[in-house]
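Have a look at the structure, then read on.

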Amino acid sequence: MTRPAPPRANASSPAVAPVEAGRTLPAMASALHQASRITRTGFAAADAPDALAKLAQMLAPLDDLELVILFVSPQADIHALSAAATRDLAPAQVIGCTTAGEIGEAGYTDGEIVAIGLPRSHFCARVLPIDDLNAYDAQSQIDQIIRNRNDMARETPQWGSEFAFLLVDGLSVKEDALTADLAPGLGPVPLFGGSAGDSTDFGATYVLCDGEARQNAAVLLQIRSNCPIKVFNTDHLVPTAQRMVVTGADPARRLVYEINAEPAAREYARLLGKDPEQLTTFTFAAHPLVVRIGGQHHVRAIQQVADTGDLVFFSAIDEGVVLTLAEPLDMVDHLDRALSSLGETGTPDVILACDCLLRRMEAQQKQLTPQISALLAKHRAVGFCTYGEQVNSIHVNQTLTGVAIYPPETDDAAVRS
């Protein structure tokens with residue numbers, strides 16, 4: 001990527017009292033924390049006036065960063081932050097999104113900005129913004145993805161790892177079509193990603209790119225690296241024998257108004273033995289619905305009950321779809337085994353994670369948040385809570401998906417052309 005040499009971090013931001021020949025305490029702590037790491041991480045309160053200055057200190061030095069990814073609480077002034085980040089975190093290109101909660105240094109958190117910095121010595125990146133998800137040209141996106149792959153291969157021919165990371169406006173209802181449309185351009189390159197969130201408000205969600213906070217948009221990050229990587233997704237749900245058929249739906253709006261020829265919310269509640277007036281996000285998290293695709297079950301999660309009594313889904317739904325009620329396994333044990341398996345061949349430097357909001361709600365309801373947070377922190381997982389996840393060519397719900405990035409097998413960073 002060719003970028004102008006930008007200004008340094010905002011000098012007007014409040015500073016921490018200097019110690020040891022001008023080095024600040026946060027900078028010293030960051031240096032110790034980052035010394036043995038390939039990637040860099042930073043954490044700051046989203047409403048702090050000096051949030052970006054703190055992140056710049058933790059990610060320093062900035063001059064050698066290829067890219068910075070920001071996961072931003074909706075408590076932040078997202079438009080101002082997006083514009084300022086391009087300046088204060090330069091010369092790295094900055095992308096990101098708003099969240100339904102963050103995964104920070106100690107696991108689940110709220111009201112933060114989580115930053116991940118990728119150094120040029122180990123990562124080569126291309127960023128593809130996709131505006132107006134109602135009218136993009138799929139073939140032109142595919143062509144650009146292929147050109148990006150070829151460019152990165154020429155620039156780093158000796159590097160062998162590739163993955164793609166997709167961030168999408170979580171209220172666009174376009175994730176299913178978009179992931180399917182992009183798949184031909186990616187070929188064998190694994191893709192994962194998450195849908196931007198807005199806490200539990202479902203009001204406005206944004207992706208960040210080129211200094212702007214954008215709606216009805218997406219950003220695709222293509223990465224080539226000399227670090228071994230493993231893209232994964234996992235859930236702790238097991239299908240039951242209880243099935244139901246969607247008999248009335250509006251696929252364009254992801255609405256189901258009839259199940260088993262009965263009003264949707266009322267029939268779903270009846271099958272659970274619950275009062276339809278008492279259906280909440282906690283109910284949907286505890287009693288998910290799955291659909292069988294390609295020999296595997298994938299969650300079709302319910303977002304909310306509309307005022308009309310219709311069920312609003314997080315992902316694609318249509319008439320004739322057979323939904324199966326699923327029940328959860330032990331969430332803590334399952335997550336421990338899933339994350340531990342990523343360390344069987346070596347300890348990841350970082351796990352970039354997209355965790356569905358409904359998983360977080362389930363953990364909260366079952367009072368498992370401290371245990372889940374401890375596991376995420378133990379395994380170096382950072383990222384955000386989503387309104388849905390992207391896995392290769394499909395959009396799913398109620399999963400943890402991400403990429404484990406491992407230290408390179410040789411200490412020598414390859415020279416880039």
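## A threonine in a strand

Keep in mind that this is a predicted model. Let's begin with Thr 109, which sits in strand 7, a run covering residues 107-109. Is Thr 109 buried or exposed? Its relative accessibility comes out at 16%, and the cut-off for buried is under 20%, so Thr 109 counts as buried.

## An enclosed helix

Next up is helix 2, residues 51-59. Seven of its nine residues are buried, so helix 2 is largely enclosed by the rest of the structure. The buried set is made up of Ala 51, Leu 52, Ala 53, Leu 55, Ala 56, Met 58 and Leu 59.

Six strands make an open sheet with mixed pairing, and the order reads 9-14-10-11-26-27. Strand 9 (123-130) and strand 27 (394-396) are the edges, each pairing on one side only. On average, neighbouring strands here are turned by 20° against each other, ignoring direction.

Zoom in on strand 10 (residues 161-168) and strand 11 (residues 191-195): the two run parallel and are joined by five bridges. Within that pair, Leu 191 of strand 11 has Ala 164 standing opposite.

## Helices on the sheet

Which strands does helix 4 lie across? Helix 4 (residues 138-155) lies across strand 9, strand 10 and strand 14 (218-225), and runs at about 165° to strand 9.

Helix 5 (residues 175-186) also packs on the sheet, where it touches strand 9, strand 10, strand 11, strand 14, strand 26 (389-391) and strand 27. Its direction makes about 155° with that of strand 10.

## A buried arginine

Finally, there's Arg 300, found in the loop between strand 20 (296-299) and strand 21 (302-305). With a relative accessible area of 8%, Arg 300 is buried. Leaving out residues up to four places away in sequence, the residues it touches include Leu 289, Val 291, Ile 293, Phe 313, Leu 323 and Val 396.

What does the side chain of Arg 300 reach at 3.4 Å? That would be the backbone oxygen of His 395. Along the chain, Arg 300 and Gln 398 are 98 residues apart, yet 8.4 Å separates their C-alpha atoms.

Key:
Residues numbered from 1 in each chain as written. Predicted model: local features only at pLDDT ≥ 70, side-chain atom pairs only at ≥ 80, totals over all residues. Heavy atoms only, no water. Pairing = 2+ DSSP bridges. Helix = DSSP H or I, 4+ residues; strand = E, 2+ residues; numbered from the N terminus. Axes fitted to C-alpha atoms, helices over the stretch in contact; angles between N-to-C directions. Contact = heavy atoms within 4.5 Å. Buried < 20%, exposed > 50% of the residue type's maximum accessible area, 1.4 Å probe, protein only. Polar contact = N/O pair within 3.5 Å; in protein donor to acceptor, adjacent residues only side chain to side chain.
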